[in-house]
Amino acid sequence: MHAPPALPLGIMTSVEYDQIELDLCHGDTLVFYTDGIVEAHNHSHELFGFDRLEALVATWGHLEPNDLIDHILSEVDRFAEGAPTHDDMTIVVVRVH
């Protein structure tokens, strides 16, 4: 399945957000994350980015939700090479049953 565009969750009540509708099927996985994940950087100031996150989910999305979260956080940490984080990193993974 092709990933839908990244949309913010309603973080500010005074802002109007776009919305999309998806038909979800058994086994589909939804990944919600804060920008600290994709904006994590290494010592060269290269960002982890959306492409790396999407590739991880495409490859490892079959894992159980908690295992997928652990794997993503581990890969972000490996990528950052010990560079300090500048934002929170939160991930919520939902599997449709």
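**Entry 1**

I looked up Arg78 and found it exposed, since its relative accessibility is 57% (exposed means over 50% relative accessible area, buried under 20%, and partly exposed in between, with a 1.4 Å probe and protein chains only). I was working on a predicted model, in which local features need pLDDT of at least 70, side-chain atom pairs count only at pLDDT 80 or more, and totals for chains, interfaces and linings use all residues. I also noted that residues are numbered from 1 along each chain as its sequence is written, and that side-chain values use heavy atoms, with hydrogens and water left out.

I then checked the side chain of Arg78, which meets that of Glu75 in a salt bridge with an N to O distance of 2.8 Å (a salt bridge being a side-chain nitrogen of Lys or Arg within 4 Å of a carboxyl oxygen of Asp or Glu). Arg78 and Glu75 are about one helical turn apart, because they are three residues apart in helix α3.

**Entry 2**

I listed the salt bridges of the structure and found two.

**Entry 1: α2 against α3**

I next asked at what angle helix α2 and helix α3 pack. For α2 (residues 49-60) and α3 (residues 65-80) I noted an angle of about 140°, with the axes 11 Å apart; axes are lines fitted to C-alpha atoms, for helices over the stretch in contact, and angles run from 0 to 180 degrees between N-to-C directions. That makes α2 oblique to α3 (under 35 degrees counts as roughly parallel, over 145 as roughly antiparallel, 65 to 115 as roughly perpendicular, and the rest as oblique). I recorded the residues that meet (contact meaning heavy atoms within 4.5 Å): Arg52, Leu53, Leu56, Val57 and Trp60 on the α2 side, and Leu68, His71, Ile72, Glu75 and Phe79 on the α3 side. Seven of the residues in this contact are nonpolar, one is polar and two are charged.

I looked up Ile37, which sits in helix α1 and is buried, with a relative accessible area of 0%. Beyond its neighbours within four places in sequence, its contacts include Leu53, Ile72, Val76 and Ile91. Ile37 and Ile91 are 54 residues apart in sequence, yet their C-alpha atoms are 8.2 Å apart in space.

His41 I placed in the loop between α1 (35-38) and α2, and it is buried, at 18% relative accessible area. With neighbours within four places left aside, His41 touches Glu46, Leu47, Phe79, Ala80, Ala83, Pro84 and His86.

**Entry 2: the chain as a whole**

I finished with the protein chain, which has three helices and two strands (DSSP runs numbered from the N terminus, helices being H or I of at least four residues and strands E of at least two), following the pattern β-α-α-α-β along the sequence. I noted that 26% of its 97 residues count as buried, and that, among contacts between residues at least 6 apart in sequence, 64% join residues at least 24 apart.

Methods:
Ala, Val, Leu, Ile, Met, Phe, Trp, Tyr, Cys and Pro count as nonpolar, Asp, Glu, Lys and Arg as charged, and the others, Gly among them, as polar.
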